[in-house]
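Here are my notes for you to read alongside the model.

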Amino acid sequence: MVDTTSLTRAVDHFADRLRAAPQSRLQRGAAAEALALARELARWTQTVESPGSEPREMPDAGMFAAADQVTVAGRDLALVLTTQEDVNEAVRLVEEAQKRAGV
């Protein structure tokens with residue numbers, strides 16, 4: 001079993017920062033960056049769970065739901081990853097998205 005603690009921590013940290021961010025920051029791109037990350041993580045999860053199937057796109061539930069979408073997608077991915085290299089890659093993706101989001 002692979003240790004995904006670093007991924008859940010990174011996801012939770014980003015989500016907490018999004019929840020604490022002012023609406024103006026969310027509107028200036030932080031929410032869009034979070035949604036893009038959530039969609040990428042969800043696609044990755046679906047690819048692992050159902051190889052060969054066309055992944056469904058996570059819907060845009062609005063800027064105030066972006067933190068929850070990142071949390072759900074990140075925790076879902078943590079459940080299906082099987083290598084530490086994949087966990088490390090997922091953490092890198094979350095950290096880079098957080099930097100781009102500016103939160």
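1. Start with the charges: there are seven salt bridges here, a salt bridge being a side-chain nitrogen of Lys or Arg within 4 Å of a carboxyl oxygen of Asp or Glu. This is a predicted model, where local features need pLDDT of at least 70, side-chain atom pairs count only at pLDDT 80 or more, and totals for chains, interfaces and linings use all residues. Residues are numbered from 1 along each chain as its sequence is written, and side-chain values use heavy atoms, leaving out hydrogens and water.

2. Look at aspartate 12 and arginine 75, whose side chains pair up at 2.5 Å, N to O. They bring together helix α1 and helix α3, 63 residues apart. (Helices are DSSP runs of H or I, at least four residues, numbered from the N terminus.)

3. Arginine 19 also bridges to aspartate 16, at 3.4 Å, N to O. These two are three residues apart in helix α1, so about one helical turn separates them.

4. Next, glutamate 57 meets arginine 39 at 3.8 Å, N to O. Glutamate 57 sits in the loop between α2 and α3 while arginine 39 is in helix α2, so the bridge ties parts 18 residues apart in sequence.

5. Now the largest nonpolar core: 33 residues. Such a core is a set of buried Ala, Val, Leu, Ile, Met, Phe, Trp, Tyr and Cys residues joined through side-chain atoms within 4.5 Å; buried means under 20% relative accessible area (1.4 Å probe, protein chains only). Helix α2 gives the most to this core, with eight residues.

Conventions:
Buried < 20%, exposed > 50% of the residue type's maximum accessible area, 1.4 Å probe, protein only.
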